[in-house]
Amino acid sequence: MINAIYARWAQHLSRQSQRPAYLLIADLIAEGINNGEFQARDRLPPLRELAVALSLNYTTVTRGYAEAKRRGLIDSRPGMGSFIRGKVPTIPLSGGSSYEMTMNAPIEPEAPDIAEAIRAGALNLFTQRDIYSLLRYQDFGGAQEDKNMAIVWLEKCLPRVESEEVLVCPGIHSALVGLMTLLSRKGGAVCLSNLVYPGLKAIASQLNIPLHALECDEDGVLPRAFENQCQLGNVCALYLNPTLQNPTTLTLPLRRRESLADIALRYSVPIIEDDAYAALPTRTLPTFAELVPELTWYVTGLSKCFGPGLRIAFVKGPGKRATQLLAGALRALTVMSSPVTNALASQWIGDGTADRVLLAIRQEARIRQQLAARHLGQFHYKADPDGFHLWLPLPKSLRWNPSDAAVKLREQGVSAVSSAAFCTDNNPPDALRLCLGGAWSREVCEENLKIVADMLEHPQHFASVVL
């Protein structure tokens, strides 16, 4: 029966010349689910086997599976294969933004041994631990053993972290909600870059906290712009994403860090240091938590170097008393972080799995950055060799609105977001943020880069592609 299905696919593909073959593969998978040919958990043939059966090249079939995965039709995992998900109702997001969530998806290492290590660590945890202890209420901030593992992770970037200053939280975004709630009580605006993580904009809007965009140059926020605002006396905090900044991939140089830290110290302005990508670069710079520890709230986590499903953040506060105040705010907002998630994170940090995943992501990121340089080098984009994002200014010859370009690329399976999503001063540059982690294989990533290059080189041809 299976061979008959793929023989029919081959006939269908041979008759259809207008629609791209990779989209037809996803269409045929959807049709097979709807008419009962496929059932949930049915295994699809390996990519190379299907390519031979359909007389297509490997890349086309890879893109077909990627498109089917994007539509929620299949699940694919390196070393395991691709499986039918079955009929799953699609529920559109409502009441939120159009921000593309795959934009922050880290690379999933194509390494069966790492996947097995993750699985083994989880099995070991649930075998060794009292399961009921993980289902009970816990005091906010994490159990002591979870804080100990948080300190192990924090000390990759920070020296000498005290347990009384550490909180384990349910994700960086939740930690930012708590910090914004706490620091805005005295009034005033949060100062930040003219381009920031869209989630912070959403938080500020929800909490009715004013944001003040500071003038920037190629090294980030200008110190004089920050000081001018401090002199007006209406600043409640300075928000910075100093390492592999979202979206520009900029890492603030040391002199800029020192200048901003000095101003914050002179005016007693708290700093929110969102260091979500801190573990990725092999080279490190002093953090604001080191430069002005008495004012800095340092926030990092595992979602950008392990997986977004591991919703856990580690916060190092500016002293025991301040940390207790944040714990109170977060307790009211989130009750507690999940003991199960905390225990899994602690297990993987303690047994070395988290370091193995981080190393694999970093190695794959370098390879994908090399692919980006090969296909997009002429377009003067910005990136860090250890990161999995690109900041791509659009050439004037393109004559496309960045939002339109992002939509076109997402229709082709490329993880792209317009600069408007990040803008805080109502003057977005003509640029896109591209995610190299959104592609689930290196081959798909390279195909996506070719699509971007084709759009930039031949915009008229790209606009006429039949989707």
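Visitor: Which helix lies across S13 and S14, and at about what angle does this helix run to S13?
Guide: Happy to start there, in this predicted model. The helix covers residues 402-411 and lies across both S13 and S14. The helix is H15, and its angle to S13 is about 165 degrees.

Visitor: How many bridges join S13 to S14, and do the two strands run parallel or antiparallel?
Guide: Strand S14 spans residues 431-435. Within this pair, Val417 stands opposite Arg433 in S14. S13 and S14 are joined by three bridges, and their direction is antiparallel.

Visitor: Which strands stand at the edges of the open sheet?
Guide: Let's follow the order of the three strands, which is S12-S14-S13, with antiparallel pairing. Neighbouring strands here are turned by 25 degrees against each other on average, direction ignored. Two of the strands have a single partner strand each, so one side of each has no neighbour in the sheet. Those edge strands are S12 (389-393) and S13 (416-418).

Visitor: By class, how many nonpolar residues does the contact of H2 with H4 have?
Guide: The crossing of these two helices is right-handed. Residues in the contact include Leu23, Ile25 and Ile29 of H2, and Val61, Tyr65 and Ala68 of H4. Two polar and two charged residues take part as well, and the nonpolar count is nine.

Visitor: Are H5 and H14 roughly parallel or roughly antiparallel to each other?
Guide: Helix H5 (residues 112-128) and helix H14 (residues 353-376) have axes that come within 10 Å. They cross at roughly 150 degrees, in the left-handed sense. Angles over 145 count as roughly antiparallel. H5 and H14 are therefore roughly antiparallel.

Visitor: Which residues in H14 does H5 meet?
Guide: From H5 come Asp113, Ile114, Ala117 and Ile118. By class, this contact has five nonpolar, one polar and two charged residues. The residues in H14 are Thr353, Arg356, Val357 and Ala360.

Visitor: What is the radius of gyration of the protein chain?
Guide: The chain has 17 helices and 14 strands, and its C-alpha trace spans about 70 × 60 × 40 Å along the principal axes. With 467 residues, a compact globule would have a radius of gyration near 23 Å. The chain agrees with that, at 24 Å.

Notes. Residues numbered from 1 in each chain as written. Predicted model: local features only at pLDDT ≥ 70, side-chain atom pairs only at ≥ 80, totals over all residues. Heavy atoms only, no water. Left-handed = near helix turned anticlockwise from the far one by under 90°. Helix = DSSP H or I, 4+ residues; strand = E, 2+ residues; numbered from the N terminus. Contact = heavy atoms within 4.5 Å. Nonpolar A, V, L, I, M, F, W, Y, C, P; charged D, E, K, R; others polar. Pairing = 2+ DSSP bridges. Axes fitted to C-alpha atoms, helices over the stretch in contact; angles between N-to-C directions. Rg over C-alpha atoms; globule rule 2.2 N^0.38 Å. Parallel < 35°, antiparallel > 145°, perpendicular 65-115°, else oblique.
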